[in-house]
Amino acid sequence: MTLIARDVRRGYAGGGAGLVCGFFLLAVVLFPFAIGPDRAVLARVGAGAIWVAALLAALLPVERLVAPDMESGWLDQIRVHGLSLPLVMALRIVAHWVAFAPPLMLAALVAGGLFGLDRAAIGRVEAALLLGTPGLAALAVATGALTAGLRGAGGLAGLLLLPLALPLLIFGAGGGDLGALKLLASVSLLLVAGAPWIAAAAIRSVRD
Amino acid sequence: MILRLSDVACARGGRLLFARLSLSLSAGDAAVVTGPNGIGKSSLLRLAAGLIAPFEGTVERSPRLALMTEDIALDPERRLGEALTFWARLNGSADARVAEALATVGLAELAEVPVRLLSTGQRRRAALARAVASRAPLWLLDEPGSGLDAEGVVMLERVIAEHRAGGGAVLLTTHQPLAVPGAQMLALDGLVPA
């Protein structure tokens, strides 16, 4: 709990969560400008647009998820204290999800309204975000670890994260039927299970 | 035995830094490692801490240890007392130990100051306070006197002496003269330590 509380506090510190939500809403607002004000078209593309905006917003905190702790020696101290890196990375995924997903889901309610989605459609988007954001948080932490300490880490993070997040996008924006949600949950679970090990291995490869 | 290195070799980035290094520290012991920059002093401490694996040889250590490096690993936005309490809680130490440790290193009055506002010397003292609060038997100190003023160096020597008197052991690297009575001197000056 000490570790999760610390990471959640850092997630919200400096307006981190607010920045993600602000970016998400701004990205969502751009879509009607690009594709026109036709309500039927907006309602049809709404779920997809919300997911694209969510993926782009998920990129924002990636550089702050692992790199500062690697540079400050915090992760070395964690290892000296006998804590396992995969466990610490798993807790970081939980903390990142707590700091990032609930505000994003609240912002998605607003975004759904902007696209003129009905209640049922907004419900499907929220269900998909609930199932998909853990996978997105896991991807963000793994990407943060893989790019920590590299020059141009921000751009590289985008190149890594966005393709890997495609299954989440496809099944998350896939209309919200039960089959798509099951596949979304499976992909999310796979990412949550694998990301701590990938992140830990990436950190060791840099620090060892 | 608190730390034992047996015929250890260390390689970093494909380069052999040192080989056939043996060292044993028991309760009350200390070893001072000296040598030019890049010879492997910090790597020796990381190896002793278990952060890197030896290229050859074996390392046995106490499961509880404290590592002090130039990276202080304290969250810059948090108050000093809170930042140290985080680590104390991970150690299972009582929060009260943090206040004692801060007093020991002369930072008691700065407990409420954010870490980012501390000077270089105060940061070094804060890192030392984490070791003091940990009550770990083995201290690994990388250039602990760096950035400290004369009074700080005297404090450091006193804290090390108290730790040893309490049954702890210390392995430290330094470029500056430090009074560590009875310490083993280890000069890294090439592949085989002198």
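The model is predicted: local features require pLDDT of at least 70 and side-chain atom pairs count only at pLDDT 80 or more, whereas totals for chains, interfaces and linings use all residues. Residues are numbered from 1 along each chain as its sequence is written, and chains are lettered from A and ligands numbered from 1 in the order in which they are written.

Chain A contains 11 helices and 0 strands; helices (H or I, at least four residues) and strands (E, at least two) are DSSP runs, numbered from the N terminus. Its pattern along the sequence is accordingly written α-α-α-α-α-α-α-α-α-α-α. For the 208 residues of chain A, a compact globule would have a radius of gyration near 17 Å, and the value for the chain, 17 Å, agrees. This radius is taken over C-alpha atoms, and the globule rule is 2.2 Å times the number of residues to the power 0.38. The C-alpha trace of chain A spans about 60 × 35 × 30 Å along its principal axes. Of the 208 residues in chain A, 46% count as buried. A residue is buried if 20 or more other C-beta atoms lie within 10 Å of its own, exposed if 12 or fewer, and partly exposed in between, with C-beta atoms placed from the backbone. Among contacts in chain A between residues at least 6 apart in sequence, 82% join residues at least 24 apart. Two residues are in contact if their C-beta atoms, placed from the backbone, lie within 7 Å.

Chain B has 5 helices and 8 strands, arranged along the sequence as β-β-β-α-β-β-α-α-α-β-α-β-β. A compact globule of 194 residues would have a radius of gyration near 16 Å, and chain B, at 16 Å, agrees with this. The C-alpha atoms of chain B fill a box of roughly 45 × 30 × 30 Å, taken along the principal axes. In chain B, 41% of the 194 residues count as buried. Of the contacts in chain B with a separation of 6 or more, 72% are between residues 24 or more positions apart.

Chain B is divided into domain 1 (1-64 + 137-194) and domain 2 (77-135), with bounds that come from an automatic or database domain assignment. The C-alpha centres of the two domains lie 23 Å apart. Each domain of chain B gives 10 residues to the contact between them. On the side of domain 1 that touches domain 2, helix α5 (residues 150-165) of chain B gives the most, with 4 residues. By class, that side has 6 nonpolar, 3 polar and 1 charged residues. Here Ala, Val, Leu, Ile, Met, Phe, Trp, Tyr, Cys and Pro count as nonpolar, Asp, Glu, Lys and Arg as charged, and the others, Gly among them, as polar.

The contact between the chains takes 14 residues from chain A and 16 residues from chain B. On the chain A side, α1 (2-12) and α6 (74-80) are the elements that give two or more residues. The largest share of this side, 5 residues, comes from α6(A). The residues on the chain A side divide into 3 nonpolar, 6 polar and 5 charged.

The largest nonpolar core has 127 residues, and those with the most contacts inside it are L104(A) and V141(A). Such a core is a set of buried Ala, Val, Leu, Ile, Met, Phe, Trp, Tyr and Cys residues joined through C-beta atoms within 7 Å. This core draws at least three residues from each of domain 1 and domain 2 of chain B. Not counting residues up to four places away in sequence, V141(A) touches residues including L65(A), M89(A), I93(A) and A199(A).

In chain B, strand β1 (residues 3-12) is joined by 7 bridges to strand β2 (residues 15-25), and the two run antiparallel; strands pair if DSSP finds at least two bridges between them. L3(B) stands opposite L25(B), and R12(B) stands opposite R15(B). The two strands form a hairpin with 2 residues between them, and G13(B) in the turn has a positive phi of about 60 degrees. β1(B) is also joined by 5 bridges to strand β4 (residues 56-61) of chain B, again antiparallel, and the bridge partner of L3(B) in β4(B) is R61(B).

S22(B) is found in strand β2 of chain B and counts as exposed because it has 12 C-beta neighbours inside 10 Å. Leaving aside neighbours within four places in sequence, S22(B) is in contact with L5(B), S6(B) and D7(B).
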